[in-house]
Every structure is written in C-alpha cells, then in structure tokens.
Amino acid sequence: MRDSEGFDEFYLACYQRLVGQVAAVVGDLGDAEDAVQEAFVRASRHWSRIRAYDLPLAWVRRVAFREALSGLRRRRRRLALLVRLGPPPAVPELSADGVDMHRAMARLPLRQRQVLVLFYVAELPVEDIAAQLRVPAGTVKSRLARGRAALAGMLDGRDPAQAKETHHG
Amino acid sequence: MADQELQARLTAYAETFAASTHGPDPAAVRRRGRRRAHRRVAVAAVAVVAIATISAGLVSWLPTRPGGDGAVPAFRPAGREPGEPRTFLGIGRNGRVAVVETATGRPRRYLTPPLVRIPVLDAAHGIVYYADNADACGNAFHQVDVATGKVRPFLPGERFVEALAISPDRTRIAFARAVAQESGSGDAVSVDCHDGELVVVDLRTNTRRVWTVPNSSLTDLDWSPDGTQLAYGLQTRDVGANTARAYLLDLTTANGPRLAGRLLAAPGQDCQLLPPRFQPGSDRVVVGSTCQRNHDQLLAYDRHSGRLAGRTTLASGQTGGILQSIAFDASGTHLLFTLARRHGKAEAWVLRGDRAVIVSPDCDMADW
C-alpha cells in the first residue's frame, strides 16, 4: 500500500467542512484556511499512521483548531496593520442572519465558541469534545450551557451581561 | 431560541465559510508535507529591514527591503565622534538583525535568523537578545555578541518566553513567559497557552520573583530608568475580544503571586497598543495607540500617579500610516516612531518637543 493511499480522498472529503468549522470559531476565513491546510500538511507527513486511526478527522481537526488559535495569538499584534493596510480579507458574503451570527460569536469567549461549533456544527458528542479539548466532560457541558444561553440571548436581541471590568486578569 | 434553530443557524454560518473556500490540490498538500519532511534546517528568507544610522543626534534611514516593515527597536546611544564607524541594529517583520557601518551604509553582517519579535539591545555591552521562532506560545531566547557574532542560549531551560527586558543597571532580568501545555509528537506538536507569568531574576543573588496573570499574555516589558517599575502590555488569550492594555508595576510594593499592576491605557475595541516606553530623564511613560477609526496617538502617563499627562495625535501627514514602534534616545529628548504605509512602505519620524519631523522618505520596497 502506498504511503499516501487514501489521503487525497480524505482531504477532498473533509477540507471544506473543516475550514467552515474553524472559521466559525475564529471568525476569519483566511486564518481558518491556513490552519486547516497546515493540519493536512502535517497529516500527509504522518498519513501511514494517521489513516489507521478510528477517526483521522479528529486528529486533523484537533491540530487545525490548535494551529488556528496559536496562530491567531501571534498574528493578533499585527491585526491593525492587516486590517488597515493589507489586502481585503477573503470574507464570504454573509447574509443578514450570518452577520448577526458573526457578531454574536465574536462576543463569546473563545472556549465557548469552540464547544458550540464542535457540538452543533461538527455534531460531536460531549465526550468526544472533552477528549479533543482535553478537558472534563463537565467543563464541556458548562461551557456549552453558558455559550448556548449567551448566543441565543444575543441572537434574540438581548444584550449579554457585560463582563465586569477588573483591574486585570 | 430552540436548540434546533440555534444549530441550524450556526451550521449555516459555518457552511457559508465552507462554501467560500477551495483548498489547494491534494497533491500540492502532499508535496508540502514531503518537502517539510526532507527539510533539516529552515531556510531563512532574507529580509533586512529598516537599517538606521545615527550621527550626532540625527537619524537617517536606508530603504527597507521586501518583507520589512520599518520597525526599529532602539537608538544606539550617542558618544562617538561623528563619522566614526558605528553600528545600529534594526528589525522588522520577518527581518534579521544586521550590523551596519555608517560610513558605507551597508549591512556588514547578519547576526540573527529571520525574526518575528523585536530583539532586545544591550547597546552598552554590544549584546543583542533575540527570540527564535520555534514555539507557538513564546520562544527560547539567545544572546549574540555583536563584535564576534557568537551566539549563546539565554535563559537556558526556559521556553515560551514572550517578552524580555534587562534592568538599566543590568542586575536584574524581567521576562514574561506563557504557561503552556504541549501535546502530540514530532512535527504534529500542538501547544496550548494558558496563563502568563512575569518573572524578575536578580542576577546578583539568583533569586526569582514570579507573578501570574490568568489566561493572559504579557506582550511587552520596559524597565523604568531607576529600576523600580516595570511597564508591560497585557492581552487576554481569548481571541474574540481585543483587550490590549498597558500596566505599570511598582516592584518595591508588588507582592505575588497574582500580577496586579496599575492600569495605564485601555484603548478600546478597535485599537492596538504599542509597547510602553519610559522616557529617560522624566517621570513619563509613553504608550502608542493605533486605532482603526481614530488617529493614532502617543499617550504619556505620569509614572507615579498613572494619570494621563499628555497626548500627541499624529497629524494629517502621518495619519495615512500605522504607528509601528516607538523608542526614545538615551537622553529622552527625542522620540523616534515608525509608520507603516501601504504597499510595504515605511517611514521613520522623530518627535522633539511638539514637533515631528520626517527623517526618511517613503521607500517603495518593490523597487529594491
């Protein structure tokens, strides 16, 4: 069996879906594409091992999510430059509903966004989300409940409770 | 809102992104994987940037090369005779630190691999401290002797170092590091960054003081001239909200373990902060603020009270660019700031009193 046996099919079947999930969390298509492509590049290097997994997609998704979040932190310091001077970001045309969702998601803490997307979009059970994020299932449930309530509230037009301004931290 | 409706709307949102992306051909992805497997050493893309020379209090600039953004970390202190060959260290995005001879204006030697973070310059001792780009949550630091080019590890054993500053009297080092967790192996290692820590090491006694701030990253550090205070930038690790803030920590009264400095600047949702800089010979600490909707500003705070003491809004000739970096000269009488403009152009300005003077014309890096 060739080392790359099945990789192309796996990539073509999962790439777009995964970009959609990562983009829904980070809110930026370009960052999501970078992260997902990086994850697939890594997967191609270790494909002979990864294809033997029960769920190769879970491995790629975990790498893509972490890559996206790590990359975001690094890039965030240049955000102003990118926003103001860079070429227009490749952002899809969002419907009015999509814009509302984009704004609402952007106001949620990252960890809640992750859980919401993995639960509702990727349709993973709580246990699998907990395994992917390496947190207890109870933590996933808690983030899910809070994220769901906050997101629904914002989409319904209710202003979420403002986080208290602390000294910091 | 019903669970099903929420799921439908969230799924539709994600599918909008999915429908807009067309990834590279799978063969191209495999090729990238193969190339990486064969790669032993990262090939450095040479991108020298913003190399400055300073003579008798004046600043002149050479054009930047592709990849640079004109960021400049520090002035070389005065004290040499005009015309005498001297060096200056500059860096930009993906740039390298270079030694430049004033007489020729040409890079004599590259000291570092391509860098992302601005290095720390100990001009008095001719040492540059720079971070490699190995880790997602901070880096390992190295020191390079400008005279010999010799590189040694700095803070050996420390990873995920996010910022570094050496006290003016060189008796203490302050560095910020991330508390991070690694998973995976080989090329598939992923890193989760958690809390931030500020560490001050007393080199005379080899003792450490550590402060922790949860779920945040300390982005920049600067010592006050008398070594009693540290100014630092802080961002929470939640990427959804821009929470850049600048704080001031009084080392004589600060007790750990929780880091709780005095808030200086919180510029708001659409703004970014530049590293705070103490002004030599004064009681001020200056923070740059660059915003999407408002003019960029230089904000001066009293370092004892923390109150805003002055504000300079960049004027019309400067507002087309984005404030990139600020640095004081050794006497504190001149403030250098750099602006990035469209299409890779960069400018350097010197602010003296209330008058800003451009010291480098636009330079089109595409022409290099």
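1. Two rings of Phe, Tyr or Trp (for Trp, the six-membered ring) make an aromatic pair if their centres lie within 6.5 Å. Keep that in mind as you look around this predicted model. By this rule, the count over all chains comes to twelve aromatic pairs.

2. Let's take a pair in chain A. The ring centres of A:Y11 and A:Y15 are 5.2 Å apart and the planes sit at 35°, so this pair is tilted. Stacked would need planes under 30 degrees apart, and edge-to-face would need over 60. Where do A:Y11 and A:Y15 sit in chain A? They are four residues apart in helix α1 (residues 7-26), so about one helical turn separates them.

3. Are A:Y11 and A:Y15 buried or exposed? A:Y11 has a relative accessible area of 2%, so it is buried. A:Y15 comes out at 3% relative accessibility and counts as buried too. The cut-off for buried is under 20%.

4. Now hop over to chain B for another pair. B:Y232 and B:Y247 have ring centres 5.5 Å apart and planes at 20°, so this pair is stacked. B:Y232 belongs to strand β14 and B:Y247 to strand β15 (residues 245-250), both of chain B, so the pair ties together parts that are 15 residues apart in sequence. Both B:Y232 and B:Y247 are buried.

5. Which residues form one aromatic cluster with them? The cluster is made up of A:F7, A:F10, A:Y11, A:Y15, A:F40 and A:W47.

6. B:L230 has a relative accessible area of 0%, so it is buried. How far is B:L230 from B:Y247 in space, C-alpha to C-alpha? The distance is 8.3 Å, with the two residues 17 apart in sequence.

7. What does B:L230 touch, if you leave out residues up to four places away in sequence? Its contacts are B:A174, B:L198, B:V200, B:D222, B:W223, B:Y247, B:L248, B:L249, B:L251 and B:F278. One of them, B:Y247, is the tyrosine from the stacked pair.

8. Four strands run in the order β5-β6-β7-β8, and the pairing is antiparallel. The edge strands are β5 (120-122) and β8 (151-154), each of which pairs on one side only. From one strand to the next, the twist averages 25°. Zoom in on β5(B) and β6 (residues 127-131) of chain B: they pair in the antiparallel sense over three bridges. For B:D122, the bridge partner in β6(B) is B:I127.

9. Finally, step back and read the two chains side by side. Chain A has nine helices and zero strands, while chain B has two helices and 25 strands. In chain A, 50% of the 169 residues are buried; in chain B, the figure is 53% of 368 residues.

10. How about contacts between residues at least 6 apart in sequence? In chain A, 66% of them join residues at least 24 apart. For chain B, residues 24 or more positions apart account for 37% of the contacts with a separation of 6 or more. As for surface, chain A exposes about 8,100 Å², with 51% supplied by carbon and sulfur atoms. Chain B has an accessible surface of about 16,300 Å², and 49% of that belongs to carbon and sulfur atoms.

Note on methods:
Residues numbered from 1 in each chain as written. Chains lettered and ligands numbered in written order. Predicted model: local features only at pLDDT ≥ 70, side-chain atom pairs only at ≥ 80, totals over all residues. Heavy atoms only, no water. Buried < 20%, exposed > 50% of the residue type's maximum accessible area, 1.4 Å probe, protein only. Contact = heavy atoms within 4.5 Å. Areas by Shrake-Rupley, 256 points an atom, 1.4 Å probe, with all protein chains shown as cover. Pairing = 2+ DSSP bridges. Axes fitted to C-alpha atoms, helices over the stretch in contact; angles between N-to-C directions.
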